[in-house]
Amino acid sequence: MKKPISFLRKLIVPILIVVVWSLFTSGGNAPVYLPSLLSISEELASLIVTDTFIDHIAITLYRCFVGFLIAALIAVPVGMSLGFYKKVMNLFQFVIEFLRPLPSAAVIPIAILFLGIGDSMKIFVIVFGSTWPILINTLDGVLGIEKQYLKTAKVFNVSSRKTLLKVVFPSILPQIFSGFKVSIAISLILAITVEMIVGGNGLGFFILDAERSFQFTQMYAGVFTIGILGYLINIVFIKLEKWIIFWK
């Protein structure tokens with residue numbers, strides 16, 4: 001009985017939002033730039049079967065996941081090395097603390113200068129922004145590992161490489177996945193951002209182009225699509241985390 005009640009509680013806020021939105025757009029005085037949820041849903045249903053809209057979604061997801069995967073491949077080993085080898089941490093600490101607070105949008109002009117306006121530039125910006133959550137979570141995980149684990153490995157003369165792979169990595173997987181979940185959301189946000197700024201294709205371009213063309217229903221349909229994609233991606237990562245870190 002508790003599960004249905006808990007599920008209903010989660011629906012309270014979404015239902016309230018739907019009711020308020022519907023009341024605000026039901027009258028004849030509703031602003032033209034705020035269409036009803038029904039018209040947005042109908043527009044989304046008509047768009048989702050078109051090849052053009054599917055292409056925009058596919059392009060955005062491609063940039064999002066490629067950028068995320070590159071960031072993960074960089075951030076996990078670097079974060080583990082920084083946390084495990086104190087000398088390496090001391091060497092790179094200033095650079096990390098200097099680059100980490102930089103807004104990802106600030107590097108877009110620099111990326112355009114060096115990489116142009118193609119996919120390589122957009123993916124670079126995504127990698128830059130989505131690397132830090134994984135790197136910091138991995139680093140904190142290594143620094144917070146039980147010292148007894150490391151001492152035991154040292155007593156048995158386990159090499160540093162095997163200690164990292166067999167002791168450190170499994171111990172910090174929960175922290176790594178926490179970084180993954182934050183990073184994938186940032187990857188999607190940055191994919192949309194660079195598409196809006198540079199244009200050409202993708203959901204970000206579609207939304208901005210619809211707004212400039214006064215196609216407000218299409219614009220909201222694109223925004224809702226991003227929300228749906230973000231929600232589904234988060235669910236996938238939660239399931240993946242439970243499957244991989246089954247002991248958590």
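This is a predicted model: local features need pLDDT of at least 70, side-chain atom pairs count only at pLDDT 80 or more; totals for chains, interfaces and linings use all residues.
Gly83, Phe84, Lys86, Val142, Lys147, Leu150, Ala153, Lys154, Val158, Ser159, Ser160 and Thr163 line the second largest pocket. The pocket has a volume of about 250 Å³. Sorted by class, its lining holds five nonpolar, four polar and three charged residues. Three helices, α3, α7 (147-155) and α8 (160-198), each supply at least two of the lining residues. The largest share comes from α7, with four residues. Why such a space can be found at all is a matter of method: rolling a probe the size of a water molecule over the atoms shows where empty space is left.

Lys86 leads from the pocket to the helix packing. This residue is part of the pocket lining, and Lys86 is also among the residues of α4 that meet α6. Helix α4 covers residues 86-99 and helix α6 covers residues 119-143. Their axes come within 13 Å and cross at roughly 145°, and the crossing is left-handed. On the α4 side the contact is made by Lys86, Met89, Ile96 and Leu99; on the α6 side, by Phe128, Trp132, Leu139 and Leu143. By class, this contact has seven nonpolar residues, no polar residues and one charged residue.

Helix α6 also packs against α5, which spans residues 108-115. Here the axes come within 9 Å, again crossing at roughly 145°. The crossing of α5 and α6 is right-handed, whereas that of α4 and α6 is left-handed. In α5 the residues involved are Ile108, Ala111, Ile112 and Leu115. Their partners in α6 are Ser120, Met121, Phe124 and Val125. The contact of α5 with α6 has seven nonpolar residues, one polar residue and no charged residues.

The last stop is in helix α3, one of the helices that contribute to the pocket lining. This helix runs over residues 51-84, and His56 lies in it. Is His56 buried or exposed? His56 counts as buried because its relative accessibility is 11%, and the cut-off for buried is under 20%. Leaving aside residues up to four places away in sequence, His56 touches Asn201, Gly202, Leu203, Phe205 and Phe206.

Note on methods. Residues are numbered from 1 along each chain as its sequence is written. Side-chain values use heavy atoms; hydrogens and water are left out. Buried means under 20% relative accessible area, exposed over 50%, partly exposed in between (1.4 Å probe, protein chains only). Contact means heavy atoms within 4.5 Å. Axes are lines fitted to C-alpha atoms, for helices over the stretch in contact, and angles run from 0 to 180 degrees between N-to-C directions. A crossing is left-handed if the near helix is turned anticlockwise from the far one by less than a right angle, and right-handed if clockwise. Ala, Val, Leu, Ile, Met, Phe, Trp, Tyr, Cys and Pro count as nonpolar, Asp, Glu, Lys and Arg as charged, and the others, Gly among them, as polar. On a 1 Å grid over the protein atoms alone, a cavity is a set of points where a 1.4 Å probe fits but cannot get out, and a pocket is an open set with protein on both sides within 12 Å along at least five of seven lines; lining residues have an atom within 4 Å of a point. Grid points are joined across faces, edges and corners, and a volume is the space filled by probe spheres set on the points.
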